[in-house]
Amino acid sequence: MTEHTTTDKTLADAGTGPLSTEEFWDARYRAGERIFSGRPNDALVRETAPLRPGTALELGCGEGGDAIWLAGQGWAVTATDVSSVALGRAAGQARAAGVDDRIDWQRHDLAESFPAGTYDLVSAHFLYPPEPSAREQILRRAARSVAPGGVLLIVSHAGFPSWERDPDPDFVFPTPEQLHAALGLPPEQWDTLAAETYERPATTPDGQPATRPDNTLKLRRHPDRARAL
């Protein structure tokens with residue numbers, strides 16, 4: 001999911017009111033022509049640059065910035081989101097970019113359903129389902145979708161942005177090491193390629209330059225020792 005100005009607390013609250021998660025996000029997307037920048041996430045570009053293009057699964061694709069960029073680099077992409085509005089908008093952007101034949105858009109509430117198959121790259125950027133406990137479940141399922149020799153890339157927020165006036169003190173931002181431990185992956189089957197926290201350039205809701213702390217966890221599944229998790 002490409003970066004935008006919705007706070008993590010808002011993301012965590014989605015689906016807790018009278019609207020379903022799909023209805024919440026459909027309404028969000030209908031509120032404007034675009035809520036994401038359309039650019040790929042910097043961490044995706046940086047971390048996939050050394051990888052040979054193959055099959056990719058993107059979880060929470062939003063309006064398609066990451067999926068379209070991956071397709072343009074030669075990846076065959078399966079991109080998922082809970083919002084049909086977002087998927088329709090992303091598909092239109094992919095057609096305009098000339099890569100629509102390389103992307104399979106699928107609607108999933110990832111806490112309820114998940115794309116079939118295994119992939120050379122499974123990417124989840126800023127994925128925060130309404131029920132916080134569902135995140136680990138989804139990311140464990142993401143790990144099971146990584147093909148032998150493939151990469152799992154998880155990019156998360158490491159803290160609230162500097163412009164957030166009323167951060168939620170109960171919202172927990174796991175470190176890369178804590179997230180890795182929570183996934184419960186057999187260490188003999190996985191290599192850690194990156195586990196880092198850093199400050200990323202960001203933009204405030206009123207367009208001013210700022211920064212935000214983020215985490216990257218990048219793991220490679222062994223090509224010759226992988227077995228059912």
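A residue counts as buried when its relative accessible area is under 20%, as exposed when that area is over 50%, and as partly exposed in between. In this predicted model, Glu-22 comes out at 25% relative accessibility, so Glu-22 is partly exposed. Glu-22 also pairs up with Arg-107 in a salt bridge, with the closest N and O atoms 3.6 Å apart. Because Glu-22 sits in helix H2 and Arg-107 in strand E3, this pair links parts that are 85 residues apart in sequence. Arg-107 is partly exposed too, at 37%.

Glu-22 turns up again where helices meet. Helix H2 (residues 21-30) packs against helix H5 (residues 84-97) at about 45°, and their axes are 7 Å apart. That angle makes H2 oblique to H5. On the H2 side, the contact is made by Glu-22, Asp-26, Tyr-29 and Arg-30, and on the H5 side by Ser-84, Val-85, Ala-86 and Arg-89. Sorted by class, that gives 3 nonpolar, 1 polar and 4 charged residues.

Across the whole structure, the search turns up 6 salt bridges. One of them joins Asp-214 and Arg-200, at 2.3 Å from N to O. Asp-214 belongs to strand E7 and Arg-200 to strand E6, so the pair ties together parts 14 residues apart in sequence. Asp-214 is buried, at 0%, and Arg-200 is buried as well, at 13%.

How values were computed
Residues numbered from 1 in each chain as written. Predicted model: local features only at pLDDT ≥ 70, side-chain atom pairs only at ≥ 80, totals over all residues. Heavy atoms only, no water. Axes fitted to C-alpha atoms, helices over the stretch in contact; angles between N-to-C directions. Helix = DSSP H or I, 4+ residues; strand = E, 2+ residues; numbered from the N terminus. Parallel < 35°, antiparallel > 145°, perpendicular 65-115°, else oblique. Contact = heavy atoms within 4.5 Å. Nonpolar A, V, L, I, M, F, W, Y, C, P; charged D, E, K, R; others polar. Salt bridge = Lys/Arg side-chain N within 4 Å of Asp/Glu carboxyl O. Buried < 20%, exposed > 50% of the residue type's maximum accessible area, 1.4 Å probe, protein only.
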